[in-house]
Amino acid sequence: MSANELSQGVHNGPKTLSVMPTFTCPAECADCGTVSSPRDRTNLPLDTILAGITQATRAGFANVVFTGGEPTLRWKDLLAAIAHARGLGFPTRLVTNAHWAVSLERAGERLDELLAAGLDEINYSTGDEHARFVPMERVVHATIAALERGLRPHVMVELREQRRVSKQDVLEHPLIAALPAEERDRIHINESPWMPLDPSRVERYPDGLVTNRANVGVRTGCDSILQTYVLQADGRIGSCCGLGMRIIPELNVALAQGEDFLLRAIEEAENDFLKVWIHYKGPEKILAWAAEKDPSIDWEDRYAHRCQACLRLYQDPVIARVVREHYMEMVGEVLQCAWLDDVHIPEQLGETVKVNPRCASLPKVAPATSAEMQQ
Ligand code: SF4
Ligand code: SF4
């Protein structure tokens, strides 16, 4: 669905370049959002990583995130890429399962190297699936080592109804519980729904998390699509950092080849009205809208994670038909949202719409999205 005439350059806010140096991971979580495993040996050459980061300076990017697979498996290349990004003025973030933090001492050594390369922010992932392969203690070691070095750690914990590892378990671990209260308060822990990669599977979550008619009104647009571009280990560029990215072919918008592949990716993504629609309205609202057109579409009380709703949107042929036949009815409303969010409101607030990625006073790196965790 081309919407070139409708959506040229609609999203003007700062963008994030997410780099996946490898699809390899020492873990093999069920429903891993990036389908990573110890057996997948796909690696992105360092030259391509560095070229992508260099291109990001002229394509409106504001920060660089390293994720995976497990990015620390490419240790030397990771340090080189962080240093390159920092040298170009980008704040940097690492998303890791902390498998390397086998002791407090080892965690400290690794963090010293990351900080020396210029790392600004670190996110650890844990939960029932992760802990089958990487003990939660390693996240605890890595958290304490970060605090000791003045780095505020972010921890993402899988959320489902029945589980053995929760936010409370992290906080009550003896090494964390023994910290002074002001240090514990500096740990940012977030719980995020752990979603099945199959849109027809219904996971059980604590009350109030799944989307239905009563709460779909407060579901927001997807802040990842058109904002985060992912340089993946296989050289494809994704137009979001979401869990559907490796599974939904339409979310891959360019190949990391030749000059200006990031600019090509942005142009391709913004020329697709469905992506613009998802960005401003979110997949849950689109599902609800499609079900009004065709009541056979069963969507309520199934999805707590927006990416699972998005998988349904892209994979269900009935929904695809409704979108194809009726999307023009939504063009005006979506473009009005785009104008309000990206032009009118920033102007009223006196904000600069374009962010210079070389600017030393860049905004603080935003916390990782929930989508960054299930990977
Ligand atoms: S909802 Fe998830 S999969 Fe869909 S575009 Fe947003 S981040 Fe990507
Ligand atoms: S969810 Fe994270 S830790 Fe688990 S297999 Fe995927 S990349 Fe590895």
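Helices and strands here are DSSP runs, numbered from the N terminus. The model is predicted.

**Stop 1: Leu 226.** Select the loop between β6 (188-193) and β7 (228-231); Leu 226 lies there. Its phi is near 75°, positive in a residue other than glycine. Most residues other than glycine have a negative phi. Buried means under 20% relative accessible area, so Leu 226, at 0%, counts as buried.

**Stop 2: Asp 31.** Go to the loop between β1 (15-19) and α2 (46-56), where Asp 31 is found. Phi of Asp 31 is also positive, near 65°. Its relative accessible area is 15%, so Asp 31 is buried.

**Stop 3: Gly 69.** Move to the loop between β2 (61-66) and α3. Show the peptide bond from Gly 68 to Gly 69: it is cis, with omega near 15°. Most peptide bonds are trans.

**Stop 4: helix α4.** Select residues 104-117. At 1.5 Å a residue, these 14 residues should span 20 Å, and the end C-alpha atoms are 20 Å apart, which agrees. Color Ala 107, Gly 108, Arg 110, Leu 111, Leu 114 and Ala 117: they are buried. The buried residues of α4 pack against α3 (75-87), β3 (92-96), β4 (121-126) and α6 (136-148).

**Stop 5: a cavity.** The whole structure holds 2 cavities of 30 Å³ or more. Cys 222, Cys 240, Leu 251, Cys 307 and Cys 310 lie nearest its centre, among 13 lining residues. The lining divides into 10 nonpolar, 2 polar and 1 charged. Which helix gives the most to this lining? Helix α13 (residues 306-315) does, with 3 residues.

How values were computed. Residues are numbered from 1 along each chain as its sequence is written. Chains are lettered from A and ligands numbered from 1 in the order in which they are written. This is a predicted model: local features need pLDDT of at least 70, side-chain atom pairs count only at pLDDT 80 or more; totals for chains, interfaces and linings use all residues. Side-chain values use heavy atoms; hydrogens and water are left out. On a 1 Å grid over the protein atoms alone, a cavity is a set of points where a 1.4 Å probe fits but cannot get out, and a pocket is an open set with protein on both sides within 12 Å along at least five of seven lines; lining residues have an atom within 4 Å of a point. Grid points are joined across faces, edges and corners, and a volume is the space filled by probe spheres set on the points. Helices (H or I, at least four residues) and strands (E, at least two) are DSSP runs, numbered from the N terminus. Ala, Val, Leu, Ile, Met, Phe, Trp, Tyr, Cys and Pro count as nonpolar, Asp, Glu, Lys and Arg as charged, and the others, Gly among them, as polar. The expected span of a helix is 1.5 Å times one less than its number of residues. Buried means under 20% relative accessible area, exposed over 50%, partly exposed in between (1.4 Å probe, protein chains only). Contact means heavy atoms within 4.5 Å.
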